[in-house]
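Subject: Structure handover

Hello,

Here is the structure I promised you. Please open it and keep it beside this email as you read.

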Amino acid sequence: MFTRMKLLAFGVSILLLPTSSALEIAPTMITLERDHPIATLRLANDGPTEKTYELTGFSWLQPDGNDELSTAPTLIITPPVASLAPGADILIRIGLASPPTNGDSEQTYRIRVRDITPANRNTANALRIRMEFLLPVILPASAPQSKLSLADASEHDGALCVRLRNEGNAYQKIVGLGDDNGPAEMISIQQYILPASEATICSEALMGLPHDRITASLAPTYASNAQTLFLTAGNASVPLQTDD
């Protein structure tokens, strides 16, 4: 079942006559099968005017804890440009030019969906905001393994900075950090950590938590269900135990 997200972009002219457009994308994350690395992406124009979108593929790495995107000629997107009339939709084919050779490694990509609709020359002195969105594309390892650890936590400028390390071969998506008192005590975040990568998350709301004990909520991946992990410095992460 697809996860659906409706993206809204608004432009407001000096005359305060707003124009709006809505793009529906499904799914918002693409997982390719290793034996058949082809998938489809649906774009739908729910707005009142024709829109044109450009789709570009990138290789996605995190060498220093930050996202790094580079050209990915092996990621094929057809068609790379789509013009949609109001109410129209289109299926975009996503695939790899050649089958994967290294089964132990996860391959990660991003697809940038960008509004390239020509500006309306009849709209003078208008502020125009173009929509742009990055979609994750994942080719799983043949035997995905999840292993998230707490590298360290320290205070900087009134915030607690938590450094998490992904020592597995499957991406992790962190959606919450906090203590072990339940979801109500967690802050909401959206942070991907790719295999063999780290991420540092700083928040004033985390101040007061033990530096060697953090609880992390993870979104479901192809390798596991959604779960909450209890992370302690220097030890393997374990599922959080509850009284239920």
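Two residues are in contact when they have heavy atoms within 4.5 Å of each other. Take the contacts in the protein chain between residues at least 6 apart in sequence: 60% of them join residues at least 24 apart. Please note that this is a predicted model.

First, the whole chain. The protein chain has 244 residues, and 41% of them count as buried. Its secondary structure comes to 19 strands and zero helices. The chain exposes about 13,300 Å². Carbon and sulfur atoms supply 51% of that area.

Next, a hairpin. Look at strands E5 and E6, with six residues between them. E5 covers residues 51-61, and E6 covers residues 68-71. The two strands pair in the antiparallel sense, over four bridges. Across the pair, Trp60 stands opposite Leu69 in E6. Now find Gly65 in the turn: this residue has a positive phi of about 90 degrees.

Asp179 sits in the loop that runs between strand E14 (172-178) and strand E15 (187-193). Is Asp179 buried or exposed? Asp179 is buried, yet has no salt bridge. A salt bridge needs a side-chain nitrogen of Lys or Arg within 4 Å of a carboxyl oxygen. For Asp179, the nearest side chain of opposite charge is Arg213, and that is 8.1 Å away. What does Asp179 contact, leaving aside its neighbours within four places in sequence? The list is Glu185, Met186, Leu209 and Thr215.

Best wishes

How values were computed:
Residues are numbered from 1 along each chain as its sequence is written. This is a predicted model: local features need pLDDT of at least 70, side-chain atom pairs count only at pLDDT 80 or more; totals for chains, interfaces and linings use all residues. Side-chain values use heavy atoms; hydrogens and water are left out. Buried means under 20% relative accessible area, exposed over 50%, partly exposed in between (1.4 Å probe, protein chains only). Lys and Arg count as positive and Asp and Glu as negative; His and the chain ends are not counted. Two strands pair if DSSP finds at least two bridges between them. Accessible areas come from the Shrake-Rupley method with a 1.4 Å probe; for residues, only the protein chains shown count as cover.
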